[in-house]
Amino acid sequence: MREQFIEIRENRYKVAYVSDRLEQGRGMSGLDSFDPYAGMLFDFAVLSNPTMTPRGLKIVVDLAFIKEDGTIVQLTRLDPSNGLTRASENKVRYALEVPKGFFEENNIKVGDTVVL
């Protein structure tokens, strides 16, 4: 995992960047917060319809599926209390996990662009 800065709606955020499959599988599992990061960006390297799971999460997270050009195409939530997985409805390259409420608090919506 390495540090990466992203920009959304002219705001800059420091995120944990994971591109390694092992790190992606571990994700936020067992962690109580994103500190010192605003979120975790998953780079799948290829276009796919990834499925994200709340398995091992200790906190509720919001999730954005992002196309290769940075466009957010889907927002959803992962809640460990219900165990429901979330699959991308579109072929995407990235997923961004952030604390519950982050997208609403920052006025981030489907159609916004994430600049890496």
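Mentor: One term comes first. A residue is buried under 20% relative accessible area, exposed over 50% and partly exposed in between, with a 1.4 Å probe and protein chains only. This is a predicted model: local features need pLDDT of at least 70, side-chain atom pairs count only at pLDDT 80 or more, and totals for chains, interfaces and linings use all residues. Residues are numbered from 1 along each chain as its sequence is written, and side-chain values use heavy atoms, with hydrogens and water left out.

Now the sheet. It is open and has 7 strands, in the order β6-β5-β8-β3-β2-β1-β9. The pairing is mixed. Strands (E, at least two residues) and helices (H or I, at least four) are DSSP runs, numbered from the N terminus. Two strands pair if DSSP finds at least two bridges between them. At the edges stand β6 (72–78) and β9 (114–115). Each of these two has a single partner strand, so one side of each lacks a neighbour in the sheet.

Start with β5, residues 61–66. How many of the residues of β5 are buried? The count is 6 of the 6, so the rest of the structure largely encloses this strand. In a regular strand, side chains alternate between the two faces of the sheet. Here both faces of β5 are covered. Val61, Leu63 and Phe65 are buried on one side. Asp62, Ala64 and Ile66 are buried on the other.

β5 pairs with β6 in the antiparallel sense, over 6 bridges. Take Val61: its bridge partner in β6 is Leu78. The hairpin of β5 and β6 has 5 residues between the strands. Within that hairpin, Gly70 takes a positive phi near 95°. β5 also pairs with β8 (residues 92–99), again antiparallel and over 6 bridges. There, Ile66 stands opposite Tyr94 of β8.

Move along to β2 and β3. β3 spans residues 39–48. These two strands run parallel to each other, paired over 4 bridges. Val15 has Gly39 of β3 as its bridge partner.

β3 also holds a backbone exception. Most residues other than glycine have a negative phi, and most peptide bonds are trans. Ala45 is not a glycine, yet its phi is positive, at about 70°. Ala45 lies in strand β3. Look next at the loop between α1 and β3, where Pro36 is found. The peptide bond from Asp35 to Pro36 is cis, with omega near 10°.

Next, the aromatic rings. What does a search of the whole structure find? It gives 3 aromatic pairs. Rings of Phe, Tyr and Trp (its six-membered ring) pair if their centres lie within 6.5 Å; planes under 30 degrees apart count as stacked, over 60 as edge-to-face and the rest as tilted. One of the pairs joins Tyr13 and Phe102, edge-to-face, at 5.1 Å centre to centre with 70° between the planes. This pair links distant parts of the chain, 89 residues apart. Tyr13 sits in strand β2 (residues 11–18), while Phe102 is in helix α2 (residues 102–105).

Tyr13 counts as buried because its relative accessibility is 10%. Phe102 counts as buried too, with a relative accessibility of 10%. Phe102 also pairs with Phe103: the ring centres are 5.9 Å apart and the planes at 75°, so this pair is edge-to-face. Phe103 is buried, as is Phe102.

A charge sits over a ring if NZ of Lys or CZ of Arg is within 6 Å of the ring centre and within 35 degrees of the ring normal. Arg2 lies over the face of Tyr17, 4.1 Å from the ring centre. Arg12 lies over the face of Phe5, 4.2 Å from the ring centre.

Asn107 lies in the loop between α2 and β9. Its phi is near 55°, a positive value in a residue other than glycine. Is Asn107 buried or partly exposed? Its relative accessibility is 35%, so Asn107 counts as partly exposed. Compare the residues of β5, where 6 of the 6 are buried.
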